Amino acid sequence: MIRYLLLAIVLLAAPAAAQETELPVNQDRVVPDSRVEMQLSFAPIVRDVAPAVVNVYSRRVVNSQNPFANDPVFSRMFRSQPREQNSLGSGVIVDHSGVIVTNNHVVAGATELRVVLADRREFEATVLLTDEATDLAVLRIETDEPLPSLPFNMTDDPEVGDLVLAIGNPFGVGQTVTSGIVSALARTDVGQTDFASFIQTDAAINPGNSGGALVDMRGQLIGINSMIFSRSGGSNGIGFAIPVEMVRRVVDTALSEGELIRPWLGARLQPVTSDIASTFDLDRPQGALVSEIYPDAAADDGGLRQGDIVLAVDGHEISNDAGARFRLAIRAAGENARFQVLRGGEAIELDIPVSPAPGSAEPEPLTVDGRNPLSGVRLVALSPAFNETVGLDPFLDGVVVMNVQRRSVAARYGFRPGDRLVALMGQPVTSLDDAAEIMARFDGERQWPIVIDRRGQRYEPTLRLY
């Protein structure tokens, strides 16, 4: 019964209902108060929206898993055979020329992509951009006529309780529309994306809905359905959609043939707990505490300081690091994000530049040779850009082992990729130049005291050359 009562929000589009009910001034959300209002339908919205939602079929080649992988005898007899794997997802046409946005996990690794429109026409699709960090991908199909598309809702922020429709192709049964409400906003502690700030909805979402549309009562796109929480594989009423702000940023980048910038704040933020709130004389826990600043990064350049409490970014409340990263990620490089900050009991505003992490994501390695225990390793300098690429703490600095040559001196001593070189011959190693200079100066020495960090464990052996 409650669901039917909620359906009446569409009375804004129903002239007959509007004549019977005097709406409060400047109030968009109302509760039905007549039988006519309770019999209203979503059908007009669906008729406008559904043609812009498509099915995305992907085909990829995978190797069969070896069932005898742990058996030293039979594993040699079994050869993995490549086989084709087909999967199904959904997509949304966001430009009349045939630009489609979907989830990255729908198209990842695909050797062939096919898009089927709501009118059953089929097209081969090409990939304009894929991005694992946001779990979004942009495709294009070629057509001689304009296609129906969904407009982005960039003006009105969704609110908890708003009615929404989810459209996609669950389980491959065909295009399906489900209704629900916005259950929560800015969910940052779910999913595998790096810039998570999901819209949560109770509209039924199932496998195959990924990449489909989440629309509001004006038929505008507010999110791309991405995943569900489920133990059975079916809908449990907890689905998540990527907000339209991030979708728009990725689509704009794909159409401009630009590079999707990974903005990096350069500050560690931690949620404000009750104890922290008491320490700062706050009446309640709010915001995110700045616990560390990376020198010369965006936060430092914008004036953010250790001990500040970030209350909001661009007018949106922030409670953790993920929320701040999302707000930066939906802006283009070179823009500024407005941070509302509490410092010393006073509220101030700071303009933080949107810029990538310092350093190179693909640094030039140093191959070590000579008479030393590291001979045969390739070292790279740590930086925030490289660290984020390989999944290390962005604040780590120094030098790390990238790989080890087989049968080398370093391999015999047990060095592994990921070992961070902290000190060598009693001297700190903070750069490749430090490492090269120390190894050249002590080349041929018999004893080499060394300090390495391996997955958070510190080792300080003295290695001997023979």
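Here is a short walk through a barrel, a core and one asparagine.

Before you click, note that this is a predicted model, where local features need pLDDT of at least 70, side-chain atom pairs count only at pLDDT 80 or more, and totals for chains, interfaces and linings use all residues. Residues are numbered from 1 along each chain as its sequence is written, and side-chain values use heavy atoms, with hydrogens and water left out.

Start with the barrel: 6 strands close up in the order S8-S9-S10-S13-S12-S11, with antiparallel pairing. Strands are DSSP E runs of at least two residues, helices H or I runs of at least four, numbered from the N terminus; two strands pair if DSSP finds at least two bridges between them. Zoom in on S10 (residues 198-201) and S13 (residues 239-243), joined by 3 bridges; Thr201 has Gly239 as its bridge partner in S13.

Now select Met246. Together with Leu221, Met246 touches the most other members of the largest nonpolar core, which has 54 residues. Such a core is a set of buried Ala, Val, Leu, Ile, Met, Phe, Trp, Tyr and Cys residues joined through side-chain atoms within 4.5 Å. Helix H7 (residues 244-255) gives the most to this core, 6 residues.

Last stop: Asn103, in the loop between strand S3 (99-102) and helix H6 (104-107). Is Asn103 buried or exposed? Asn103 counts as buried because its relative accessibility is 0%, and buried means under 20% relative accessible area (1.4 Å probe, protein chains only). Its side chain reaches the backbone oxygen of Asp135 at 3.1 Å.

Definitions and conventions
Buried means under 20% relative accessible area, exposed over 50%, partly exposed in between (1.4 Å probe, protein chains only). A polar contact is a pair of N or O atoms within 3.5 Å; within protein, one must be able to donate a hydrogen and the other to accept it, and residues adjacent in sequence count only if both atoms are side-chain atoms.
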